[in-house]
Amino acid sequence: MEFLAIVNLIIDAIVKILPAVLFMIGFPLLGVWYERKLLARVMLRIGPLHVGKYAGVLQLIADFMKLAAKEIIIPTKANKNIFIAAPIVATIVAALPLAVIPFDGNWVVYRFDLNLLFVFAMASLIPLIILLTGWASYNKYSFIGGLRVIFQMLAYEIPLVLSVLGVVILTQSFDLIKICNAQSKIWFGLLQPLGLLVFYIASIAEVERMPFDIPTAEQELVIGWQTEYSGILFGLFMMANYISFGIHSLLITIIFLGGWLGPSFLPPMAWLLLKTAIVATLTMMFRGTYPRVRMDQLLRLGWRILIPLALINILLTLLIPTIGLGVVT
Amino acid sequence: MGLVSEILTPLYQAFEHIFRRTFTIKYPYVALKPTERTLGRHILDPSKCIGCGLCANSCPTKAIELVEWKEKKHPQIDYGRCVFCEICVSMCPKGALGITSAYELAAYDKASLVYSPEQLSVPPKPIEGRKIVSVRFYERRGAAHAEVK
């Protein structure tokens, strides 16, 4: 009996972490392949073609193996400990929010009331790691990239949190499961389009994707704070970037687009992943469409447009219950 | 309203591009038809060649060397050096050296890029077993590839 109970516990644990782990591994691999294919189609190219039976699906696995087999070059004057530790820590920190993000009404690795706050705390840790990376690389491009990350963080971090505040006020909760289940009548994205807009723009800046990829601006800074990295360490940074991209797409879906709620012909998790895929596709389309904004333009956007819009959103949210339009109790 | 359309119009155009035909040729699986002016591999007519060496002398990259074959001097061409300028063909007094449109000359080592007179006298293999496409120009879509029948 004892043995069976332990086996049951282990199986339970594995089932519990399964979606999070699969998302962590699957999103960088499939997401990068999908993005390359999509951008290729936008530019009337074909994209990955040879590796794998169909349309180069295994291209990313081949790329990852190539990166893993490459030599790790550490600059002579670099701070070795930080240089090696940074990509590992960045990947772990980027993936940590998956421990509290629910993939279903009940399917979450660890549930507690403030998981939205935890996600934001982890997300705002990453710029500090990147600043350290830029400093430890002993390279001017890396250092400028690191400084730009901090500048960028000043521009988007405040509107990112402010824009969610409207939803938090409506649901009286920082719990993602409660927030998602409160949208059974109407999505918060429809109720608070301003909040969705501000959160979406700020989250693109957060994950350093085009048009806000100022810290890794390839035409100006080689590849920004990643300049000195090679081999698997570069691969880890890439993975961290794509994991946080996936997490932010998940967050937008859960907070504003009804998460796993949907007609019952698909299981809840399928709805969540489908909506996430659509959000991620839109973000990838931005990469193929818009040119990069300048640093001052991003700061102006953050401080002059996004923060006032987020505040207006909070004001409207507070007004809705008072004039009797409250949908959520 | 101007700002919104400035943001959304490019996005819509990018979205539209996804469903258009791609411009890239899947080359090893599909081959491009050479145009009439394509300068490819040479072809040698050994019966006309008199071994005068004008082709070797005129070659700007010194790709041609005269070698002994069938008790006569014949040109041997190193395609690692050849720039496909066709000067040797125009210099040939007897018209023994000609040009074909064969462009698939890739090899695994430098030594197999040197074509002996014997190899040069054999006409190149035509592209077979693959779809052959050529570039067409359309009014609205711009350039695209179409299969050659």
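## Terms and model

A crossing of two helices is left-handed if the near helix is turned anticlockwise from the far one by less than a right angle, and right-handed if clockwise. Helices are DSSP runs of H or I with at least four residues, numbered from the N terminus.

This is a predicted model, in which local features need pLDDT of at least 70 and side-chain atom pairs count only at pLDDT 80 or more, while totals for chains, interfaces and linings use all residues. Residues are numbered from 1 along each chain as its sequence is written, and chains are lettered from A in the order in which they are written.

## Helices H1 and H2 of chain A

H1(A) spans residues 2–42 and H2(A) residues 59–69. H1(A) and H2(A) form a right-handed crossing, at roughly 115° and with axes that come within 8 Å. Axes are lines fitted to C-alpha atoms over the stretch in contact, and angles run from 0 to 180 degrees between N-to-C directions.

From H1(A), Leu29(A), Val32(A) and Trp33(A) meet Gln59(A), Leu60(A) and Ile61(A) of H2(A). Five of these contact residues are nonpolar, one is polar and none is charged (Ala, Val, Leu, Ile, Met, Phe, Trp, Tyr, Cys and Pro count as nonpolar, Asp, Glu, Lys and Arg as charged, and the others, Gly among them, as polar).

## Helices H11 and H12 of chain A

H11(A), residues 231–256, packs with H12(A), residues 268–289, at an angle of about 120°, their axes 9 Å apart. That angle makes H11(A) oblique to H12(A) (under 35 degrees is roughly parallel, over 145 roughly antiparallel, 65 to 115 roughly perpendicular and the rest oblique). The contact includes Ser249(A) of H11(A) and Lys275(A) of H12(A).

## Chains A and B

Eleven residues of chain B are in contact with ten of chain A (C-beta atoms, placed from the backbone, within 7 Å). The chain B side has six nonpolar, three polar and two charged residues.

How values were computed
Contact = placed C-beta atoms within 7 Å. Helix = DSSP H or I, 4+ residues; strand = E, 2+ residues; numbered from the N terminus.
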